[in-house]
Amino acid sequence: MSKPLERLSDISSQCRQAGCTEHALSYSANCWQHSPQSEYLQTLKAKITSSKKGEALALHLKRVEATDIDFSHLDLKNSCFSQCRFSDCLFVGSDLSGTDMIGARFHNCDLVGANLRQANLTRAAFSDSSLAYADLHESYFIEAHFKQTDFMGARLASTVLWNADLAGIKHLRKKNFFESDQEVDPSQAGINESNALQACETYRNIKHYLHRNGLYEDASWAAYRELTMERRHFFKTKDFRYFPSLLMDLLSGYTEKPHRVIISSLAIVFFFSLIYYFLKIAVPSSGATQAQTFWDNLYFSFITFTTVGYGDLIPRSEPVFRILACVEAFSGPFMAGLYIFTLTRRYAVNG
Ligand SMILES: [Zn+2]
């Protein structure tokens, strides 16, 4: 019968080597540097193999260089794997939530279906590894690097991906950033956006990644989020560019949403027709003075917006009314140009 495995709280003693300030590793009296390393790895393997399924093991393995260890389906919540180097190790379906993996390296490791919620993977490096179907909700990947790393089906909602190098990721999609989970707030779709400027840069990286991989619809989502984050940053820093940014979002969804151009065009026509109606601006060119109905004003607004100008209705001759009609007449071609540009971006350029 094997001895019950220690928990992190039991082994938080200091390394016994004189002058060493590191904590001792799990199942050892010393830190990695002062342990007989190959013997230690054998002990670790034996302990891992003999552990019961579902048993909570909070391991302290700081700086350990482990090869070919199977951590699959273990409860490793809140373990410390800081600066570890794992090669050919398995973490399939492991519970790694809340683990400290700062600066850890994973080479040829399988983390399929692992729970990495709120794990700290700052400056972690992955190569030839798989995070497929892993739960990375609210985990930290600040300045993390990925080389040939599979993210198929990985759940990345609310992750912190600031300055992460995404180029080597495989199978990243927009849907990775959305939760289908009931317990997660749907408004948390996307990455962690607490720092608008960092989130803006991260969305830009994601956009470039998705565009490079031919995922234009998904890239359009990232582009929209990028500019929304930029606008939030303008708002926080009281930058006047907030207003043109807000206008471009309302008019065209940052040229990513063609239907918004149509809706905002109709809104402009309706808005002007209300002004014309209440100020009684539209009058027949024949000189008749009977009151014009709202529909007459709506018609006049449409004809002005589209710059058709049949001439059956004209603005009253006071300069301010003419200027008002000119403003609407100018907005028509502007919106038409914006619509064509938006469509071109969405369909022609992307194709
Ligand atoms: Zn030591």
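Where is the place of N78? N78 sits in the loop between β1 (65-67) and β2 (85-87). Helices (H or I, at least four residues) and strands (E, at least two) are DSSP runs, numbered from the N terminus.

Please keep in mind that this is a predicted model: local features need pLDDT of at least 70, side-chain atom pairs count only at pLDDT 80 or more, and totals for chains, interfaces and linings use all residues. Residues are numbered from 1 along each chain as its sequence is written.

**Two loop residues**

N78 is not a glycine, yet its phi is positive, about 60°. K238 is also a residue other than glycine, with a positive phi near 55°; K238 belongs to the loop between α3 and α4 (242-252). Are these residues buried or exposed? A residue is buried if 20 or more other C-beta atoms lie within 10 Å of its own, exposed if 12 or fewer, and partly exposed in between, with C-beta atoms placed from the backbone. N78 has 18 other C-beta atoms within 10 Å, so N78 is partly exposed. K238 has 7 within 10 Å, so K238 is exposed.

**Helix α2**

Helix α2 covers residues 196-212, and its 17 residues should span 24 Å at 1.5 Å a residue, which agrees with end C-alpha atoms 24 Å apart. The expected span is 1.5 Å times one less than the number of residues. Buried in α2 are A199, T202, Y203, I206, K207 and L210. These buried residues line one face of the helix, because they fall within an arc of 150° seen down its axis; the arc is that of the directions from the helix axis to the C-beta atoms. Part of their cover is α3 (216-236). Just after α2, G214 has a positive phi of about 75°.

**How the helices pack**

Axes are lines fitted to C-alpha atoms, for helices over the stretch in contact (C-beta atoms, placed from the backbone, within 7 Å). Angles run from 0 to 180 degrees between N-to-C directions.

| Pair | Angle | Axes |
|---|---|---|
| α3 and α4 | roughly 150° | within 9 Å |
| α2 and α3 | about 165° | 8 Å apart |

The angle makes α3 roughly antiparallel (over 145 degrees) to α4. Among the contact residues are L227 and F234 of α3 and Y242 and L246 of α4. α2 and α3 are therefore roughly antiparallel to each other too. Y203 and L210 are among the α2 residues that meet α3, where A222 and M229 are among the partners.

Methods:
Two residues are in contact if their C-beta atoms, placed from the backbone, lie within 7 Å. Angles under 35 degrees count as roughly parallel, over 145 as roughly antiparallel, 65 to 115 as roughly perpendicular and the rest as oblique.
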